[in-house]
Amino acid sequence: MQELQDFDQTHQTLQEVSNALDSGMFVHVRRLLQDMEPEDIAHLLEASPRKSRNVLWQLTDPEDYGEILDELSEDVKDGIVSQMAPESIAEATEGMETDDVAYVLRSLPDDVSREVLSQMDTVDRFRVETALSYPEDTAGGMMNTDFITIRADVEIDVVLRYLRMKGELPEATDALYVLDEESRLIGHLSLTTILTAQPDVLVSDVMEDADEAIPVNTDDGEVANLFERRNWVSAPVVDENNLLLGRITIDDVVDVIREDAEHSMMSMAGMDDEEDTFAPVVKSARRRSVWLGMNVLAALAAASVSNMFEATLAQMASIAVLMTIVPSMGGVAGNQTVALVIRGLAVGHIGDSNKKELLMKEAGIGILNGILWAAIIGGIVMVWKGDIMLGAIISAAMLVNLTVAGVAGVSIPLILKKMNIDPALAGGMALTTITDVIGLFAFLGLATILM
């Protein structure tokens, strides 16, 4: 109920801002923006047409620029940043976490990015350059370098006095990291332990071992899985020598999970998950035409099978009427399996050790469903068309196609994953092409031979 109320409130605000912009009431819009949180302003920008978006950005408090940029999708963020001067970008990113600054700078042209970095102080520039040196979809690209370290040979009371002297903790801090003399990570000390342990106890006596460190080159999907399984709030990132490089916090992991979900959903339609809802017509059309072109090739493959049996179709109108049923059922059944396998790959449930069992399971499901629906559809066709042979043919084709759909639904995502191709992007289309071709070939081929 609360989420519904928030949605209604956001919609009302969007409508109020839109009406105020249309009426030229810019002062009123500025007041509305001042009362909104940065994440709500980011949502408002993404939900506004490009012309209104530019006006809204000019009316937004520059002090909120950094937090807003961090919340924007890549396409929208790039459009806004491209119109900002390097000095303004540097000011906007001041105070942001390292990984968030890297997110803003990654899409900038190299010369602009270098100019923005030159505006930063030495420490911040070094931290950001370190983050930029790692791929965006790894632990190194996700991490921020704002953390607190302590030594193992000091007492808890010393740690408490040190924290009071600092005055504040980095956001989402739930533990301090314990380093040895060579700056290698040897453990971590939770804030709960610091508050409850006796003041004269040594850190080494109450710290936990550094068994939760994440290697810097770990894939961001695996990082998300680790956080999910172990219920972490934050985790340290180390290099091959166990030197502490940074930490990843739960808010960054939530972003990865959300982005992966959006990516899977949009990829199934052949679209970019970061695409701006209000992107220019030509730009959007160009992106989508690639996928449409691939779909045309798939459709032509299925059509070529039908063309092979043109004589059979010309002689029997009933076959032409029924020929879409078999590939359609195979496509639905296969896409169910593809969705299951893609999810299993994403959460780490499927690997070399169990893929054979999964393949056998889905083949079994395909056979059982094939028998069930072959009997049902075959019976319907027999009664409808009064032709026992035609009913038997469509039953046999249905059994073949549903079995193939189950096997292909497992095999295609696994093969694409091995080829470093996103299964969510190409899996559905490849599966549909196979079930269309096999379904039509089985049905029309049997009809040609037996009738």
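This is a predicted model: local features need pLDDT of at least 70, side-chain atom pairs count only at pLDDT 80 or more; totals for chains, interfaces and linings use all residues.
View 1. By the rule applied here, the salt bridge count comes to 7.

**View 2. The salt bridge between Lys77 and Asp78.** The side chains of Lys77 and Asp78 meet with an N to O distance of 3.1 Å. Lys77 has a relative accessibility of 1%, so this residue counts as buried. Asp78 has a relative accessibility of 25% and counts as partly exposed.

**View 3. The salt bridge between Asp352 and Lys355.** In this pair, the closest N and O atoms are 3.3 Å apart. Asp352 has a relative accessible area of 67% and is therefore exposed, the limit for that class being over 50%. Lys355, with a relative accessible area of 31%, is partly exposed.

View 4. Thr249 is part of strand E7, which covers residues 244-249. The relative accessible area of Thr249 is 0%, so the residue is buried; the class requires a value under 20%. The side chain of Thr249 makes a polar contact of 2.4 Å with the side chain of Asp251. Leaving aside residues up to four places away in sequence, Thr249 touches Asn144, Glu171, Ala172, Phe227, Val233 and Ser234.

**View 5. Elements with the lowest and highest mean confidence.** Helix H1, residues 2-22, has the lowest mean pLDDT among the elements of the chain, at 65. Strand E5, residues 214-215, has the highest, at 94. Over the chain, pLDDT averages 82, and 87% of the residues score at least 70.

How values were computed. Residues are numbered from 1 along each chain as its sequence is written. Side-chain values use heavy atoms; hydrogens and water are left out. Helices (H or I, at least four residues) and strands (E, at least two) are DSSP runs, numbered from the N terminus. Buried means under 20% relative accessible area, exposed over 50%, partly exposed in between (1.4 Å probe, protein chains only). A polar contact is a pair of N or O atoms within 3.5 Å; within protein, one must be able to donate a hydrogen and the other to accept it, and residues adjacent in sequence count only if both atoms are side-chain atoms. Contact means heavy atoms within 4.5 Å. pLDDT is the predictor's confidence in each residue, from 0 to 100. A salt bridge is a side-chain nitrogen of Lys or Arg within 4 Å of a carboxyl oxygen of Asp or Glu.
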